[in-house]
Amino acid sequence: MDTKQFRNNCNNKGATIVITQVKGTNQIIGGYNPLVWDSSNSTKATTDSFIFSFADKKDINTAIIGRVKNTNSAIFCAGTLGPAFGPGADLYCTSGKQWKCSSQNHYYSINLPFRTFFAEDYEVFQVIKKQSIG
């Protein structure tokens, strides 16, 4: 999925979870956005977003969660990017397969050993809150 496809498929759809596998490894990286993605070129505030990493997708014990620490700019919506967690390059997709993660200014660190990586692929799932009946 390139950034244009991401925007066409995910803008204004509500909460999502993004999952990507680092090319040539078993490492899974992703994030949760409880808000809508859009192309406003602005940041969005939330306390509920987080990023995560599994050093080995086959071992749940390798999971690390980085909760948002700068809630005023937890999500960055830019028409030229794919998913972007924090405007300071905490975790974002620059193109279909290239991702960057460097500053960790807006989220607590998920201890990534690199600043740029290529993804095998990435998927975005819409999160729908279960409605109570009754």
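## What covers helix 1

The cover over the buried residues of helix 1 includes strand 6 (75–77), strand 8 (91–93) and strand 10 (116–126). Here contact means heavy atoms within 4.5 Å, and buried means under 20% relative accessible area, exposed over 50%, partly exposed in between (1.4 Å probe, protein chains only). Helices (H or I, at least four residues) and strands (E, at least two) are DSSP runs, numbered from the N terminus.

A word on the source: this is a predicted model, in which local features need pLDDT of at least 70 and side-chain atom pairs count only at pLDDT 80 or more, while totals for chains, interfaces and linings use all residues. Residues are numbered from 1 along each chain as its sequence is written, and side-chain values use heavy atoms, with hydrogens and water left out.

Which residues of helix 1 (residues 3–10) are buried? They are Thr-3, Phe-6, Arg-7 and Cys-10. An α-helix has 3.6 residues a turn, so residues three or four places apart point the same way. Lys-4 and Asn-8 are exposed, on the face turned away from the buried side.

At the start of the helix, a side-chain oxygen of Asp-2 comes within 3.1 Å of the backbone nitrogen of Lys-4. After helix 1 comes Asn-12, with a positive phi near 60 degrees.

## The nonpolar core

A nonpolar core is a set of buried Ala, Val, Leu, Ile, Met, Phe, Trp, Tyr and Cys residues joined through side-chain atoms within 4.5 Å. The largest one has 22 residues, and Phe-85, Leu-91 and Trp-99 touch the most other members. Helix 1, strand 1 (16–22), strand 6, strand 8 and strand 10 each supply at least two residues of this core; strand 10 gives the largest share, four residues.

## Two buried loop residues

Thr-46 sits in the loop between strand 3 (42–44) and strand 4 (50–54), and is buried at 9% relative accessible area. Its side chain reaches the backbone nitrogen of Asp-48 at 3.0 Å.

Ser-49 lies in the loop between strand 3 and strand 4 and is buried, at 1% relative accessibility. The side chains of Ser-49 and Tyr-107 make a polar contact at 2.8 Å.

Definitions and conventions. Polar contact = N/O pair within 3.5 Å; in protein donor to acceptor, adjacent residues only side chain to side chain.
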